[in-house]
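Please prepare a briefing on the side-chain contacts, backbone exceptions and strand pairing of the structure shown below, grouped by topic.

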Amino acid sequence: MEIKNPVILCDYSDPDLIRIDETFYLVASSFNFFPGLPILSSKNLQDWQLVNYACPSFPLKKYDDVQNARGIWAPSIRAHGGKCYIFFGTPDEGLFFVSADDILGKWSEVECVWSGKGFEDPCPIWITDENGKERVFLVHAYVKSRIGFNSKLGILELDPVSLKAISEDKIIFDGSKTQPTIEGPKVYERNGFFYIFAPAGGVTDGWQTVLRSRSLFGNWEERIVLRQGKSRVNGPHQGAFVELTDKMGVFVHFQERGVFGRIVHVQPLFWEDDDWCKMGDAFFSKAECGEPLIAFSIPQISFKESEENRFAKSQKVGFGGFFSDFQFSANPKKYAEFEEKSVRLFAANGQKSLWETPNVLSKKIDAENFRVCFCLDVSDLSEESFAGAFFFGEQYRSLEIFCKNGEFFWRVLEGSGSGDDKRCEKILETGNIAPFDLKNGLEFSLLFKKIDERTGNSCVTLQKSSGKIVASTDFFHLEKAHWVGGRFGIFVRGFSGSAVFSVKTQNRLWSV
């Protein structure tokens, strides 16, 4: 198999991975964007496709409002006993899971495992104890901003039927001195050892650590197995191990890359006779600590196909059609009516800023250069509502239109601020629009150009069907938002009315 990194140039943060028969399935963080818990699949680890969402909405009323930088963090996916499970944490509420008989089908409602602030990155493991009894444990990390400390890993025992916690939390590893900021644990059992793969040292400049013990409760041996070194892949951060043969596997991890977010890489992995793994270029050099590889090949693996394939071949993903990988900024309500290549968005939530508006419909940036165009029908837009398009990052800009006293106007807005604080919006420009065909007379064009590896230039242009430019945001510097990469999207905000956005192009994204 030939691999060239990154395998996914898109913000799929905190990836976890399993293999079922000949298919790899990847799940990632989705924070406050819904539908949440995206599931991607691949046959070759290089080409990935979004195939499902495991969490259409979150069953707490607060998530009806935008919870920027909160929500679903760092999931883990496992198959056990004929079912698939995804465990995840929310930093302010606790640890949760969803389950499904079919990874591509409908997933269960969210169920709480452990309630409380400051718990993150849960990963389950099913074991059989010395008495032949099946037991389930959940290894996790801690959120310093909520609980007052980090750099430690904890464990909970779960009821094997309900999967609710039945023990008190216990710290099993303290990395304060040797593995600061250790987090994102993924736990495995192999050849009589328990292994925890976990990043330490921070998202931007950290490394990958592997812990090993004969007991889940320690004492743990530790090794740093992958770090940036002389490579251009910073981090490398949180990820997952998947076995291909008895001796060989792959390690999937993310790299924090500015406006593109936390993009996904694959590294080769090999188990030595001493039951420690080599990763990255150490796969070939046999050094104890490897560096990330940009390109490599490993032998083609012939997987054993199961007699019964329980997994569906295809189904509608998310909102379907062109909008399959678009998400709302909070729990989806009756904000939209979707067709294959168009969507009617309804005004809701008053005049909140875009940072706080739940019915904003947006998509991750997943190409280095692209243009996407929407035709806009505003015949049902009320006078107290606004329809527009935007690029969204730490700072954002939108170009929107509105009706006042029967006339249409445009305005360019800028949102400024940082972190998870509220954004202040200000009007940069405004003007009127000469008469046009209400149903199909305007077009939003969104253009993104990569500047360097971490930032981009973006602009939104509004024009008439005649091709005449009405207004433009001009190019502005786009960077990542808090915890996530840059996004672009469309919206209708206000108190009543609606607008229809129709996709003008055949492809969602294409090179400029």
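Phe-370 and Phe-391 are both buried, where buried means under 20% relative accessible area, exposed over 50% and partly exposed in between, with a 1.4 Å probe and protein chains only. This is a predicted model, in which local features need pLDDT of at least 70 and side-chain atom pairs count only at pLDDT 80 or more, while totals for chains, interfaces and linings use all residues. Residues are numbered from 1 along each chain as its sequence is written, and side-chain values use heavy atoms, with hydrogens and water left out.

**Aromatic rings**

- The whole structure holds 44 aromatic pairs, a pair being rings of Phe, Tyr or Trp (its six-membered ring) with centres within 6.5 Å, counted as stacked if the planes are under 30 degrees apart, edge-to-face if over 60 and tilted otherwise.
- Phe-323 and Phe-326 form an edge-to-face pair, because their ring centres are 5.2 Å apart and their planes stand at 65°.
- Phe-323 is buried at 0% relative accessibility, and Phe-326 is likewise buried, with a relative accessible area of 0%.
- The pair of Phe-370 and Phe-391 is tilted, with 6.3 Å from centre to centre and 45° between the planes.
- Phe-370 belongs to strand β27 (residues 369-377) and Phe-391 to strand β28 (residues 386-392), so this pair ties together parts that are 21 residues apart in sequence; strands (E, at least two residues) and helices (H or I, at least four) are DSSP runs numbered from the N terminus.

**Charges over rings**

- The charged end of Lys-286 sits over the ring of Phe-270, at 4.3 Å from its centre, a term that requires NZ of Lys or CZ of Arg within 6 Å of the ring centre and within 35 degrees of the ring normal.
- The charged end of Lys-364 sits over the ring of Tyr-12, 3.7 Å from its centre.

**Salt bridges**

- The structure contains 31 salt bridges, each defined as a side-chain nitrogen of Lys or Arg within 4 Å of a carboxyl oxygen of Asp or Glu.
- Arg-146 and Asp-92 meet in a salt bridge at 2.8 Å, N to O; Arg-146 lies in helix α1 (residues 144-147) and Asp-92 in the loop between β7 (83-90) and β8 (94-100), so the pair ties together parts that are 54 residues apart in sequence.
- Arg-146 is partly exposed, with a relative accessible area of 25%, whereas Asp-92 counts as buried at 16%.
- Glu-256 and Lys-480 form a salt bridge at 3.3 Å, N to O; Glu-256 is in strand β19 (residues 248-256) and Lys-480 in the loop between β35 (476-478) and β36 (487-493), so the pair joins parts that are 224 residues apart in sequence.
- Glu-256 is buried at 4% relative accessibility, while Lys-480 is partly exposed at 32%.
- A network of salt bridges links Arg-257, Glu-368, Lys-450 and Glu-453.

**Backbone exceptions**

- Most residues other than glycine have a negative phi, and most peptide bonds are trans.
- Phe-34 and Pro-35 are joined by a cis peptide bond with omega of about 5°, and Pro-35 is placed in the loop between β3 (23-27) and β4 (36-42).
- Gly-218 and Asn-219 are also joined by a cis peptide bond, with omega of about 5°, and Asn-219 is placed in the loop between β16 (207-213) and β17 (221-227).
- Asp-121, which is not a glycine, has a positive phi of about 55°; Asp-121 is in strand β10 (residues 119-128) and is buried, with a relative accessible area of 3%.
- Asn-405 has a positive phi near 55°; Asn-405 lies in the loop between β29 (396-404) and β30 (407-416) and counts as exposed at 66% relative accessibility.

**Strand pairing**

- Four strands form an open sheet in the order β10-β11-β12-β13 with antiparallel pairing, two strands being paired if DSSP finds at least two bridges between them.
- β10 and β13 (170-174) stand at the edges with a single partner strand each, so one side of each is left without a neighbour in the sheet.
- β12 (residues 152-158) and β13 pair in the antiparallel sense over four bridges, and Leu-153 stands opposite Phe-173 in β13.

**Cysteines**

- The count of disulfides is zero, a disulfide being a pair of cysteine sulfur atoms within 2.5 Å.
- The sulfur of Cys-277 is 11 Å from the closest cysteine sulfur, in Cys-289, and therefore too far for a bond; Cys-277 is buried at 2% relative accessibility.
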